[in-house]
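Biologist: I am new to this structure and would like a close look at one part of it. Could you walk me through the salt bridges, beginning with a charged residue that is hidden from solvent, and then show me what lies around them?

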Amino acid sequence: MPRISLKRTRTDVATIILYIFLVSTGLIMINSVGAPPDGYAIGLAGRLATPMGKQLVWVVISAGVWLFINYLIDRNVWVVGAYPIYIFTVLLLFLVLVAGKEINGARSWFSVAGLTFQPSELAKFGSCLAMAAFLSQYSGKLDSLRAVAYGCFIWLLPAIVILGQPDMGSTLVFSGFLLVMYREGLNPLIFVLGGFTAFMVVLGILFPIQALLAGLLVAALALFAFLLPRRSMLWTLGAVAAGAVAYHAMQAGFGWQTLAVLAAALIAMMIYHLVQRNTKLVSISLFFLLWGLALTFTANYIYTNHLLPSHQHERVMVWLHPEDADPRGAYYNLLQSKLAIAAGGVSGRGLQQGTMTKYDYVPEQLTDFIFSAVGEEQGFIGAGTLIIVFFLLLWRITVIAERQRRTFARAYAYGVAGILLVHFLVNIGMTMGLIPVIGIPLPFISKGGSSLLSFTMMIAVLLKLDKHRGEV
């Protein structure tokens with residue numbers, strides 16, 4: 001059937017305005033953090049050598065790439081070339097392991113004529129295209145194990161290669177593609193299982209095994225008791241018994257005798273539900289119980305026996321047990337970041353007036369911890385405004401996605417949204433101590449030409465596809 005061309009729509013101006021606001025804010029903050037000392041006069045060449053000057057060069061390059069994509073490249077280039085672009089970016093990831101430059105312990109960079117480029121940023125763009133191509137060519141929903149496996153392989157391949165650099169932050173970002181897979185039919189129970197898995201791993205590090213085992217058994221008992229027939233005396237007796245057993249377990253300190261009583265009560269409750277033919281309830285509950293036990297035991301064993309690499313173990317300890325961390329060692333970065341954000345108050349100290357920022361108390365403040373500079377110099381108002389603008393951009397991208405007639409454009413838009421969402425949540429979360437410290441930039445704000453160029457390409461291609469949404 002021939003393609004029907006309708007009137008081409010205009011570029012989404014709201015998205016462009018949000019993009020310009022974020023990039024401009026990034027330039028302002030980079031200049032504020034990396035500005036030369038007062039009274040230090042430098043010429044044009046010297047200013048271009050400052051962090052703000054280097055970032056400005058990348059802004060100009062990104063603007064040129066945007067115009068090139070918007071006016072000189074046909075929309076079909078991205079559709080037809082999705083897989084070749086993806087393969088090219090993955091090959092770059094393998095190449096950087098051999099010929100890349102090592103910075104901060106990670107071999108993640110190419111260095112040419114004094115400029116560095118991180119191919120993992122380009123791989124995010126290539127993976128967005130490949131996921132869109134796969135989901136647009138796949139005839140059904142993601143309701144089969146084979147389809148889910150194919151979809152996951154597309155983003156797991158570059159993620160695993162990046163993990164070998166090693167770059168945990170960039171690896172984690174690729175989990176954002178689960179958003180587009182969910183939109184295209186991925187079973188939501190997978191997200192429930194993922195959340196349960198993460199929760200159990202954290203609990204396994206925080207608490208002893210016996211306490212966790214007792215908690216899981218009590219939770220399962222409470223569930224089975226609650227699902228007993230409402231009018232049956234067994235429901236009341238079961239609820240009272242579960243509460244009594246839980247109280248006794250807490251008083252007894254979760255000893256092995258208490259655990260045996262809990263296990264016996266749970267087995268009796270399971271037998272009752274099996275007799276009532278509630279086999280699905282029993283099987284699902286038993287799976288989550290055993291999976292939770294395996295996760296907590298493994299996480300506790302790995303953490304207590306220091307089987308993680310030393311720097312990763314320190315980051316986990318700083319996150320979950322900051323009271324035991326060395327404020328002059330592993331806890332230093334996070335402590336200074338939190339102090340800087342708190343020092344900003346409501347309205348902030350003003351540009352180039354932040355004490356923590358001005359005297360370099362916060363390491364990596366131009367890149368990973370630039371949000372702490374926003375908090376100190378712009379205060380709650382500035383930091384809150386930045387967060388709102390990010391959410392507005394994500395909302396605008398979902399609006400663009402849902403008005404597409406083509407699956408390729410919709411899937412690509414959700415891929416971009418997923419990448420931005422993970423970057424945003426992880427970066428801001430780590431600067432405030434909500435998640436472990438992971439090296440990951442704040443989109444459009446942090447210093448970094450590779451990151452800015454990659455995100456600019458993502459947005460530019462998205463708007464290019466959106467201009468052709470009238471075609472069916």
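Modeller: Let's start at Glu376, which counts as buried because its relative accessibility is 0%. Keep in mind as you look that this is a predicted model. The partner of Glu376 is Arg349, and the two form a salt bridge whose closest N and O atoms are 3.0 Å apart. Glu376 sits in helix α18, while Arg349 belongs to the loop between α16 (332-343) and α17 (355-358), so the bridge links distant parts of the chain, 27 residues apart. Arg349 has a relative accessibility of 38% and therefore counts as partly exposed.

Now follow helix α18, which covers residues 370-402, to Glu402. Here you will find a salt bridge to Arg183, with 2.8 Å between the closest N and O atoms. Arg183 is in helix α9 (residues 177-183), and the two partners are 219 residues apart, so this is another link between distant parts of the chain. What about exposure? Glu402 counts as partly exposed, at 42% relative accessibility, and Arg183 is also partly exposed, with a relative accessible area of 25%.

Move along the chain from Arg183 to Glu184, which lies in the loop between α9 and α10 (189-206). Glu184 forms a salt bridge with Arg410, and their closest N and O atoms are 2.9 Å apart. Because Arg410 is in helix α19 (residues 407-431), the pair ties together parts that are 226 residues apart in sequence. Glu184 is buried, with a relative accessible area of 6%, and Arg410 counts as buried too, at 13% relative accessibility. Both values fall under the 20% cut-off for buried.

There is also a cluster to look for: Asp12, Arg396, Arg403 and Asp466 are joined into one network by salt bridges that share partners. In total, the structure holds seven salt bridges.

If you continue beyond helix α19, you come to Phe444, in the loop between α19 and α20 (449-467). Phe444 counts as buried, since its relative accessibility is 3%.

For a contrast, turn to the surface. Tyr83, Ile87, Leu91, Phe94, Leu97 and Val98 form a nonpolar patch there, with about 570 Å² of accessible area together. One of these residues, Ile87, lies in helix α5 (residues 82-99).

A search of the whole structure finds zero disulfides.

Finally, a word on confidence. The mean pLDDT of the chain is 81, and 85% of its residues reach 70 or more. Over residues 1-6, however, the pLDDT is below 50, and this stretch has 10 contacts in the model beyond near neighbours in sequence. Where pLDDT is low, the predicted coordinates should not be read in detail.

Technical notes:
Residues are numbered from 1 along each chain as its sequence is written. This is a predicted model: local features need pLDDT of at least 70, side-chain atom pairs count only at pLDDT 80 or more; totals for chains, interfaces and linings use all residues. Side-chain values use heavy atoms; hydrogens and water are left out. A disulfide is a pair of cysteine sulfur atoms within 2.5 Å. pLDDT is the predictor's confidence in each residue, from 0 to 100. Contact means heavy atoms within 4.5 Å. A salt bridge is a side-chain nitrogen of Lys or Arg within 4 Å of a carboxyl oxygen of Asp or Glu. Helices (H or I, at least four residues) and strands (E, at least two) are DSSP runs, numbered from the N terminus. Buried means under 20% relative accessible area, exposed over 50%, partly exposed in between (1.4 Å probe, protein chains only). Patches are made of residues with over 30% relative accessible area and no salt bridge: like charges are joined within 9 Å, nonpolar side chains (Val, Leu, Ile, Met, Phe, Trp, Tyr) within 5 Å. Accessible areas come from the Shrake-Rupley method with a 1.4 Å probe; for residues, only the protein chains shown count as cover.
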